[in-house]
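The exercises below are meant to be worked through with the structure in view. Each task is followed by a solution that goes step by step.

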Amino acid sequence: MKEVIIVGSGLGGLSAALRLSSKGYKVKILEKNSTAGGRLNQIKEKGFTFDSGPSFMSMTYEFDNLFKECGVVNPIKLKALDPLYEVYFEGRQEPYRIWKDLDKLAGEFGDIEPDFKNKADKYLKRASEFFHDTEDKVVKSNFNGLADYFIKISRVPLKHLPFLRKKLWTLLSETFDSQVVKVIFSLVAFFLGSTPFKTPSIYSLLNYTEFIHNGYWRVEGGMYMIVEEILKILKNRGVEIIYNTEVSDYYDSEGSLKYFLDKKGNHWIADLYIVNADAASFRGMILNRKKYSGTRLDNMDWSLAPFTIYLGVKGKIKSMYHHNYFLGNDFIKYADKIFITSESPSNPYYYVNMPSYHDTECAPEGCENLFILCPVPDLRFKDHWNDREEFADRIIQDLSDRINFNLKDNLIVKKIMSPLEWESEYNLYKGSGLGLSHGMNQIGGFRPSNKDEEFSNLYYVGASTVPGTGLPMVLISSKLATERIIHEH
Ligand SMILES: Cc1cc2nc3c(=O)[nH]c(=O)nc-3n(C[C@H](O)[C@H](O)[C@H](O)COP(=O)(O)OP(=O)(O)OC[C@H]3O[C@@H](n4cnc5c(N)ncnc54)[C@H](O)[C@@H]3O)c2cc1C
């Protein structure tokens, strides 16, 4: 029986362990922290249970695929969100309610976007073609080098080529007249940790996934149920997880990896190895690869860093829905600046998730559970967070004013994670929340491969290898990496 060591217990590592244990491999996971899940984690305090990172799921059939392929019934209970979310603009008390049903959404936009339904239908039809013409040929495909990537790309219909170069904002501006509608449709760029001004328009396929294809879903009992359910199955299969164990060095010989060393000096030996830590920075910082040296890593495009706030609040907030965006009125100026400044945004745009809207277990009775996420520059641009309290208070005050609820006077729990904590907790390069960005030079054959360049027995899963970031993509990454392993070993 072949033995496999996986470094990291994020969703990438856990799902790879599930797939390989189903095929008879003996799997062990080494995790730096004291809990599993990586960014998909949980914080418990004073009766509140917060999901620390992801708050919703799309392309949920990737979970069905994972469990089916591993011979178990999908234990995760999902509920579709409709409305998908609400968007607040500065100076407008009422939010826009973003319905999945486009006729209802057209009603929401009233006369700000005449003929919305027709325009949206046309836009989403094209986005659906982007999705279906690339899903199997590119997204769910392994590449053996750049030549193979170009061969696979050449099977995508040529008519899509111009959309690789065009930016999402440009395509939206050609489609819609209203700034409000353009901004709302462009929010998907933030799911890639970027802005619509940098994101290729091909990613309008994410609008297709939200409105037509599969929508957005919440997990009953909270997002961390995903981790807990997978852990139960892994335990039954004898997969061991060794916590508080951070890999810091390695030894290789004759083109293969012989063992990993952890910070306490222990040796970890197996036949095969999978790294679930960031596929680019692990190569640079642990394997000392020149292509991923400090300077080269700094020159890559990284997704925005998260500044997150977890609030346990006394009282019920009647005016707010489960998923909400709070935006200002100078989107272009704001989104252009936040990437590269060394200061905290003075008028922050942020996302608020209130899981207690649906789930009574995550907060004590009569209380609300709030998760606030504000995308900020990564640590290359802003390397200190001495102003973290002040910045969090600014957001809390702004939110209080906009939902007409005094949060400050009703706080039971307030916890903050700045990019510094995101970096140190999960080894996220410079605190970048979603890993490498998804520009044309960092996807497909250009993204760090899931197979190591030098060691024949080393593979990668997770957000910074193929196909990309987000929970569904990470599930696909474990499928791609384990398919390679099964084929090659
Ligand atoms: C704030 C936030 C909100 C998000 N919201 C969503 C959302 O709503 N929906 C969605 O689909 N996606 C969301 N994402 C993205 C999603 O969380 C990630 O794409 C996904 O969880 C990444 O999983 P992973 O397995 O690649 O990496 P990780 O979760 O980072 O797992 C890697 C693991 O490796 C461990 N590790 C690292 N280095 C070492 C080492 N040297 N030795 C041992 N262990 C090590 C880490 O501790 C970690 O446990 C969000 C991300 C963030 C940060």
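**Exercise 1.** Into which domains is the chain divided?

*Solution.* Residues are numbered from 1 along each chain as its sequence is written. The model is predicted, with local features needing pLDDT of at least 70 and side-chain atom pairs counting only at pLDDT 80 or more, while totals for chains, interfaces and linings use all residues. Domain 1 takes in 3–41 + 53–78 + 220–300 + 436–488, and domain 2 covers 101–214; such bounds come from an automatic or database domain assignment.

**Exercise 2.** Describe how domain 1 and domain 2 meet.

*Solution.* Begin with the centres of the two domains, which, taken over C-alpha atoms, are 28 Å apart. Next, take the contact (C-beta atoms, placed from the backbone, within 7 Å), to which domain 1 gives 17 residues and domain 2 gives 19 residues. On the domain 1 side, the largest share, four residues, belongs to helix 17 (residues 471–488), where helices are DSSP runs of H or I with at least four residues and strands are runs of E with at least two, numbered from the N terminus.

**Exercise 3.** In what order do the seven strands of the open sheet lie?

*Solution.* The order is 7-6-15-16-17-14-18, with mixed pairing; two strands pair if DSSP finds at least two bridges between them. At the edges, pairing on one side only, are strand 7 (96–98) and strand 18 (411–417). Strand 7 is joined to strand 6 (residues 85–89) in the antiparallel sense by three bridges, and Glu86 has Arg97 in strand 7 as its bridge partner.

How values were computed
Two residues are in contact if their C-beta atoms, placed from the backbone, lie within 7 Å.
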